[in-house]
Amino acid sequence: MHFLDQAKIYVRSGSGGPGAVSFRREKFIEFGGPDGGDGGKGGDIVFEAVPGLNTLIDFRYTQHFRAKRGTGGSGSNRTGANAPDLVIKVPVGTQILADDEDRSLLADLTFEGQRLVLLEGGMGGRGNASYKTSTNRAPRQHQPGIEGEEMWVWLRLKLLADVGLVGLPNAGKSTFLNSVTNASAKVGDYPFTTLRPQLGVVRHKGREFVLADIPGLIEGAVEGAGVGDRFLGHVERTEVLLHLVDAAGDDPVEAWRVVRGELESYGGGLADKSEVIALSRADLIDDDRLTELKAELQEATGVTPLPVSAPLGEGVEALLDAVIQRLGTVNEAKEEAAAADDRPWSPL
């Protein structure tokens, strides 16, 4: 299945059905009077977040969505049927944006089963029976029904994950993802092997979290270099960033600085997220060089880097322990902040 994380679609709610103009005409019943019923309501445009979807590829081939019109009213005071709502199913984590210059956010569907009525269907028109008064005994006016609403919107998918993998191209992110999850990300000895985000579920010591791998970042990604920074949105929702630095690279410290600079330039709170640093491909250098690199990175980052070799499984368990511990710390801080917000006001 192809991956698509942005799509532009047209949506239109259904118009209301027209009211009827009708008069009761039966044998032996004089002065039957008006009996035209009201029209039915048009269908709403509803977005629903459903499980099992992780791409917007369906919206590349189907871009126009129109709800049905309400049924018109009829004689004998029969009201027209309401049109069914048009439910558009999207992946969890989909944002709905207005098609304006600022791409203003209309909705963010972040949990399974969340529904949003984006456009309401038009109300049905009044039939002539509703216009009957003591002075207007035989009205012939009616309403045609209110027109539905229409608009173009952008859909943008931001995958939901707990931990985001970042680093330069060929830092070993896909290899690490494959070694700790059931994912089957493509691995190669050339840059930008990963061209779209990948998700995997890590199960470690009774704990479980979702790990997201995105294409590698290079200097100038914010300006469009490489694959650009468009995939960074998929790690905006993560709690922790796992930064892989190639221990066998020319300058691991500079590699860390390049990625950090791109995260800060992108914004979105990425630079403020809790970070775990790992020296990948640590089996390719000797112990003395590894000790030297750990000291240099710790001095530059203030964080103790953890050496790891995903193909050999060396250091993986310790790294996962550190990630789970950091996730627990972040969640505890969020719970404390939420509890503080819920406290009743007190002058003390």
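**Entry 1: a bridge in the sheet**

I began at valine 245, whose bridge partner in β13 is leucine 279. I then looked up the strands concerned, and found that β12 and β13 run parallel and are joined by 7 bridges; here two strands count as paired if DSSP finds at least two bridges between them. I noted that helices (H or I, at least four residues) and strands (E, at least two) are DSSP runs, numbered from the N terminus.

**Entry 2: what I am looking at**

The model is predicted, so I kept in mind that local features need pLDDT of at least 70 and side-chain atom pairs count only at pLDDT 80 or more, while totals for chains, interfaces and linings use all residues. Residues are numbered from 1 along each chain as its sequence is written, and side-chain values use heavy atoms, with hydrogens and water left out.

I looked up the confidence next, pLDDT being the predictor's confidence in each residue, from 0 to 100. The protein chain has a mean pLDDT of 86, and 88% of its residues reach 70 or more. Confidence is lowest in helix α5 (residues 316–342), with a mean of 76, and highest in strand β3 (residues 64–66), at 96.

**Entry 3: the whole chain**

I counted 5 helices and 14 strands in the protein chain. Of its 348 residues, 46% are buried, where buried means under 20% relative accessible area, exposed means over 50%, and partly exposed lies in between (1.4 Å probe, protein chains only). Among the contacts with a separation of 6 or more, 73% are between residues 24 or more positions apart; a contact means heavy atoms within 4.5 Å.

**Entry 4: the sheet of 6 strands**

Returning to the strands of my opening entry, I found them in an open sheet of 6 strands with mixed pairing, in the order β10-β11-β9-β12-β13-β14. Because β10 (198–204) and β14 (306–307) each have a single partner strand, one side of each is left without a neighbour in the sheet. Helix α2 (residues 173–180) packs on this sheet and touches β9, β10, β11 (207–213) and β12, its direction making about 155° with that of β11. I also saw that α4 lies across β12, β13 and β14, and runs at about 160° to β13. For these angles, axes are lines fitted to C-alpha atoms, for helices over the stretch in contact, and the values run from 0 to 180 degrees between N-to-C directions.

**Entry 5: helix α3**

Which residues of α3 are buried? I listed Pro252, Val253, Ala255, Trp256, Val258, Val259, Arg260, Glu262 and Leu263. Their cover includes β9 (163–166), β12 (240–246), β13 (274–280) and α4 (287–301). I checked the length of the helix too: its 15 residues (252–266) should span 21 Å at 1.5 Å a residue, and the end C-alpha atoms are 21 Å apart, which agrees; the expected span is 1.5 Å times one less than the number of residues. Just after α3, glycine 267 takes a positive phi of about 80°.

I turned to strand β5 (residues 94–98), where 5 of the 5 residues are buried, so the strand is largely enclosed by the rest of the structure. In a regular strand the side chains alternate between the two faces of the sheet. In β5 both faces are covered, with Thr94, Ile96 and Ala98 buried on one side and Gln95 and Leu97 on the other.

β5 pairs in the antiparallel sense with strand β6 (residues 105–109) over 4 bridges, and glutamine 95 has aspartate 108 as its bridge partner there. The hairpin of β5 and β6 has 6 residues between the strands, and in it arginine 103 takes a positive phi near 50°. β5 also pairs in the antiparallel sense with strand β8 (residues 150–157), over 5 bridges, and in β8 the partner of threonine 94 is leucine 157.

**Entry 6: the sheet of 3 strands**

A further open sheet has 3 strands in the order β4-β2-β7, with mixed pairing. Its edge strands, each pairing on one side only, are β4 (86–91) and β7 (115–119). Strand β2 (residues 45–50) pairs with β7 in the antiparallel sense over 4 bridges, and I found glutamate 48 standing opposite arginine 115 in β7.

Most residues other than glycine have a negative phi, and most peptide bonds are trans. I therefore wrote down phenylalanine 31, whose phi is near 55° and which is exposed at a relative accessible area of 75%.
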